[in-house]
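Here is a short tour of one structure, with a few local details picked out. Take a look at it first, and then we can walk through them together.

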Amino acid sequence: MSDYFGKILVIDDEKDICSTLSGILCDEGYKVLTANNAESGLKIAKKELPDVCFLDVWLPDIEGTEVLERLKIANPDLSIIMMSGHANIETAVKCTRLGAMDFIEKPLSLDKVLLSVQNILRIKSLQFENQNLKNRVDKKYTLLGNSESLQHIISAIDMVAKKNTTILITGENGTGKENVSRLIHEKSNRRNKPFIAINCAAIPEDLIESELFGHEKGAFTGATGIKRGKFELAHNGTLFLDEIGDMSLKTQSKLLRALQEHNIERLGSDETISVDTRIIAATNKNLEEEIKKGNFREDLFYRINVIPIHLPPLRNRKEDIELISSHYLSLYSVENSIKNKVLSPQAIQILKAYPWPGNVRELKNIMERLSIMVKEDIIEPNHLPYPIHSARSEKLEDEFHIFSSNDFREARAKFEKIFIQKKLESYDGNVSKTAESMGMERSHLYRKMKQLGLINEIEKLSEEDKLE
């Protein structure tokens, strides 16, 4: 039982009852408050906020059932046990309908009194722990940052969450696609129903259909019983299809049918099962390019891409890095029962200089490591692991090359080259977007790149990122 619970109020006009209950419950370690009439009991309940109340049905000033109603209005979380020496079934039923947790007849059985209290407090303890767990989960699955791009995403989530439409989330690995899907589910009308996630890339092709749609006994070798698929498990809830771009064409065809008809069939069965499941899909691939290559069905793409949400890489929203880092340092300090640590301004600057190829997932893992391994209260640059600290070296090296020049034109050329290189990296080599961000014409930027010998940088890019 959690130590958080244990304050008990007894309201009874019989002083012997109050005294007896107080003695027994105090011996068990509970804090006990007593009142001999309804008015004083209501005042104590309002001030002390007890966890459990023993309430007599017959009181001299106000009827017990009315007191019960007033107590529940004032404190809905209060668990009330009714007591009566003249009880009947009708009274017991009425008290239960008004919110009483238990009904005990007088003379009181002390064993029953203790059992009733223990059961109630055990339930409260579990509720308290579940709420704490939910709060921790909510903190893990969140979107942090004040950047303009992130605010647009949060706004989109708020707009679509309560709709039943299908959503496609795109972005690099580690940008938080599952976080977004969980946020949409939590903000939706389906929040109290299941959220089921499946990674389409992690399941072998010969098993993915069984995972999605289930199977009957004997459907294939090893199918020794009936299995419900993810669609059934997510009925009335949300099904998150992660890495949908890795799904085979055969499975894509069956998925399309399920989305169109809202029906599925388990493998090895002709029975049609109706499902009401919201689909949120995610991928780190360019599905339009996959369609051109013949790897993804165009009709399925249009079916899942009703509401597209694109998550930018962390390197494109570096202003959010400090907030994200602080959040996870705080979260892991609570989880591991250690003192919370803070990042020094110098460490923050180095974190912002690092390109974060693993995005938020990488930053989150680094913060967990630092929260555990760093003994000091302040995390300094020397605490940062490789390759993050190398970002500082590269930055200092860039500055050294610029300031080592005595000639102004030479220094300016070095600066322009470094500046354009960094900008190209920020936009994945897209010249048009880079030029737009710099306030330049695309043709002007291309000439400047040619002049500075940066055309080779473009030639290193993958086919889809080359010059349009």
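## Around His215

The side chains of His215 and Ser210 are joined by a polar contact of 2.7 Å (a pair of N or O atoms within 3.5 Å, one able to donate a hydrogen and the other to accept it; residues adjacent in sequence count only if both atoms are side-chain atoms). The His215 side chain also reaches the backbone oxygen of Gly225, at 3.4 Å.

This is a predicted model, in which local features need pLDDT of at least 70 and side-chain atom pairs pLDDT 80 or more, while totals for chains, interfaces and linings use all residues. Residues are numbered from 1 along each chain as its sequence is written, and side-chain values use heavy atoms, leaving out hydrogens and water.

His215 sits in strand β8, residues 214–215 (strands are DSSP runs of E, at least two residues, and helices of H or I, at least four, numbered from the N terminus). With 9% relative accessibility, His215 counts as buried (under 20% relative accessible area, 1.4 Å probe, protein chains only). Leaving aside residues up to four places away in sequence, His215 touches Phe220, Arg266 and Leu267, among others (heavy atoms within 4.5 Å).

## Helix α15

The buried residues of α15 include Val360, Leu363, Ile366 and Leu370. Viewed down the axis of α15, its buried residues fall within an arc of 165°, so they line one face of the helix (the arc is taken from the directions between the helix axis and the C-beta atoms).

Definitions and conventions. Buried < 20%, exposed > 50% of the residue type's maximum accessible area, 1.4 Å probe, protein only.
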